[in-house]
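Me: I have this one open for the first time. Can you walk me through it?

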Amino acid sequence: MRIKTVALFSMIALVVVVGSVWSINQEPGDKVTKAAIMRLKLEPAKKILEGITLGDFQAVRKNAEQIRLLTLDESWMLVQTDDYRQQTKNFERSLNLLNRMCDEKDIEGVTLAYMQVTMRCVECHQRMRDLRK
Ligand code: HEC
């Protein structure tokens with residue numbers, strides 16, 4: 001009984017030690033930065049809507065460009081799958097469309113492209129959630 005208890009505690013201690021070494025290797029700060037980078041998409045996305053409502057094409061374009069730059073950051077490729085790369089490509093295509101509509105000063109086109117961009121945000125996040133199930 002005693003030996004079993006000691007063995008049990010040693011096991012727990014081992015798991016704790018291995019666990020903490022594991023989490024050090026995982027670099028928790030790394031995760032925070034990636035989440036922060038992902039969050040950065042939200043502000044320009046909101047500002048695009050603001051730009052649209054004000055008819056300010058320059059503001060829309062500037063913020064679309066900001067989001068596009070984020071996709072070029074290495075942290076964007078959090079997930080290394082073909083599907084994620086495809087989602088990213090679709091997303092970039094919608095952002096390009098948004099830019100083109102801005103250049104043409106086509107407010108309806110801009111609005112539709114913005115909706116397409118938003119659909120891509122939701123689509124990619126939904127896929128991430130499905131993968132986690
Ligand atoms: C190609 C995939 C993809 C697209 C497109 C995408 N995201 Fe994300 N987003 C992610 C991933 C991966 C995460 C990390 C969290 C996760 O695993 O769910 C994330 C997380 C987030 C988060 C949460 C960050 C946190 O604090 O956890 C926000 C906010 C966000 N994205 C906003 C947006 C917005 C706004 C758009 C569209 C303008 C967008 N995303 C488009 C992949 C994507």
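Me: Which residues of α3 and α6 meet?
Reply: This is a predicted model. In it, Ile48, Leu49 and Ile52 of α3 meet Val110, Thr111 and Tyr114 of α6.

Me: What classes do the residues of that contact fall into?
Reply: The contact of α3 with α6 has 5 nonpolar residues, 1 polar and no charged.

Me: And at what angle do α3 and α6 pack?
Reply: The angle is about 160 degrees, and the axes of α3 and α6 are 10 Å apart. Angles over 145 degrees count as roughly antiparallel, so that is how α3 and α6 lie to each other.

Me: Is the crossing of α3 and α6 left-handed or right-handed?
Reply: The crossing of α3 and α6 is left-handed.

Me: Ok, stepping back. How many helices and strands are in the protein?
Reply: The protein has 6 helices and 0 strands. Along the sequence the pattern reads α-α-α-α-α-α.

Me: How much of the protein counts as buried?
Reply: The figure is 13% of the 133 residues.

Me: Now the ligand. Which residues come nearest?
Reply: There are 19 residues around the ligand, and Met38, Lys41, Gln87, Cys121 and Cys124 come nearest. The elements giving two or more residues to the shell are α2 (28-39), α3 (42-54), α5 (82-103) and α6 (107-132).

Me: Which element gives the most to the shell?
Reply: That is α6, with 6 residues.

Definitions and conventions. Residues are numbered from 1 along each chain as its sequence is written. This is a predicted model: local features need pLDDT of at least 70, side-chain atom pairs count only at pLDDT 80 or more; totals for chains, interfaces and linings use all residues. A residue is near a molecule or strand if its C-beta atom, placed from the backbone, lies within 6 Å of it. Helices (H or I, at least four residues) and strands (E, at least two) are DSSP runs, numbered from the N terminus. Axes are lines fitted to C-alpha atoms, for helices over the stretch in contact, and angles run from 0 to 180 degrees between N-to-C directions. Angles under 35 degrees count as roughly parallel, over 145 as roughly antiparallel, 65 to 115 as roughly perpendicular and the rest as oblique. A crossing is left-handed if the near helix is turned anticlockwise from the far one by less than a right angle, and right-handed if clockwise. Two residues are in contact if their C-beta atoms, placed from the backbone, lie within 7 Å. Ala, Val, Leu, Ile, Met, Phe, Trp, Tyr, Cys and Pro count as nonpolar, Asp, Glu, Lys and Arg as charged, and the others, Gly among them, as polar. A residue is buried if 20 or more other C-beta atoms lie within 10 Å of its own, exposed if 12 or fewer, and partly exposed in between; C-beta atoms are placed from the backbone.
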